[in-house]
Amino acid sequence: MSAVLKLLLLSAVTLLVSAQGSENYQNLSESIRIHIDKALDKANEYFTNHYVAYESLLSEPKITADDFYVNVRLMVTTCKKDKEKGYGHRVECVTQKPKTPRINCLVCKKKNGEELIDCVRQKDAKSRERIRSSCPTPPRSYRHGGGSIMSQTGGDDGPQSGCPGCV
């Protein structure tokens, strides 16, 4: 494969991955993005000379009139920080800088009513359990039993075909 073709293919893949990252953020509800932007502000204040961007949700967010709990994973990008553009989500900055740690940020309303914004390197998140426990129990991002497509049944109890274990 020629060098030009390889470069073109690499560029296309990078563009596709970049578009997916920003699309994920844009598809979130405004009530979730508000809290993610708080995490971005905090992380960009404390980590590196490069812009820190949204990567993904780490658990199902919980947002009600009285309470909120949003746990996100952020990444250090290849973009330099730009105070004029601010630290909110930037569409052009979704490529992770090589050899940089992921950042785990929790934004929640503590049991005493105060807001907590706690951002640490992903590998250090367990050491923050004592601080993060001041938030109400987070929503679970998994379900025990009955949560997979294989365990669901149709409306009729007749013989079914096309599924493992079906008669």
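Trainee: In what order do the elements of the protein run from the N terminus on?

Mentor: Helices (H or I, at least four residues) and strands (E, at least two) are DSSP runs, numbered from the N terminus, and in this protein the elements run α-α-β-β-β-β-β-α, with three helices and five strands. This is a predicted model, in which local features need pLDDT of at least 70 and side-chain atom pairs count only at pLDDT 80 or more, while totals for chains, interfaces and linings use all residues. Residues are numbered from 1 along each chain as its sequence is written, and side-chain values use heavy atoms, with hydrogens and water left out.

Trainee: How many residues does helix α2 have, and how far does α2 reach from its first C-alpha to its last?

Mentor: The expected span of a helix is 1.5 Å times one less than its number of residues. Helix α2 (residues 30–46) has 17 residues and reaches 25 Å, close to the expected 24 Å. After α2 comes Thr-48, whose phi is positive, near 50 degrees.

Trainee: Which residues of α2 are buried?

Mentor: Buried means under 20% relative accessible area, exposed over 50%, and partly exposed in between, with a 1.4 Å probe and protein chains only. An α-helix has 3.6 residues a turn, so residues three or four places apart point the same way. In α2 the buried residues are Ile-32, Arg-33, His-35, Ile-36, Ala-39, Leu-40, Ala-43 and Asn-44. Over the protein as a whole, 30% of the 167 residues count as buried.

Trainee: Which residues have the most contacts inside the largest nonpolar core?

Mentor: A nonpolar core is a set of buried Ala, Val, Leu, Ile, Met, Phe, Trp, Tyr and Cys residues joined through side-chain atoms within 4.5 Å. The largest one here has 23 residues, and those with the most contacts inside it are Ile-36, Ala-43, Val-72, Leu-74, Ile-103 and Cys-105. Two or more residues each come from α2, β1 (50–57), β3 and β4, and β3 gives the largest share, six residues. Contact means heavy atoms within 4.5 Å; leaving aside neighbours within four places in sequence, Leu-74 is in contact with residues including Ala-39, Leu-40, Ala-43, Val-52, Ile-103 and Cys-105. A second, separate core of five residues includes Leu-106, Cys-108, Leu-116 and Cys-135.

Trainee: How many disulfides does the structure hold, and which parts does the pair of Cys-79 and Cys-93 tie together?

Mentor: A disulfide is a pair of cysteine sulfur atoms within 2.5 Å, and the structure holds three. One joins Cys-79 to Cys-93, with an S to S distance of 2.2 Å, and at -105 degrees about the S-S bond this link is left-handed. Cys-79 lies in strand β3 (residues 68–80) and Cys-93 in the loop between β3 and β4 (102–109), so the pair ties together parts that are 14 residues apart in sequence. Cys-79 counts as buried at 15% relative accessibility, and Cys-93 is buried at 1%.

Trainee: Why is the disulfide of Cys-105 and Cys-119 right-handed, and where does the pair of Cys-108 and Cys-135 lie?

Mentor: Cys-105 and Cys-119 are joined at an S to S distance of 2.0 Å, and the torsion about their S-S bond is about 120 degrees, so this disulfide is right-handed. The pair links distant parts of the chain, Cys-105 in strand β4 and Cys-119 in strand β5 (residues 115–121). The sulfur atoms of Cys-108 and Cys-135 are 1.7 Å apart; Cys-108 lies in strand β4 and Cys-135 in the segment after α3 (129–132), 27 residues apart, and both cysteines are buried.
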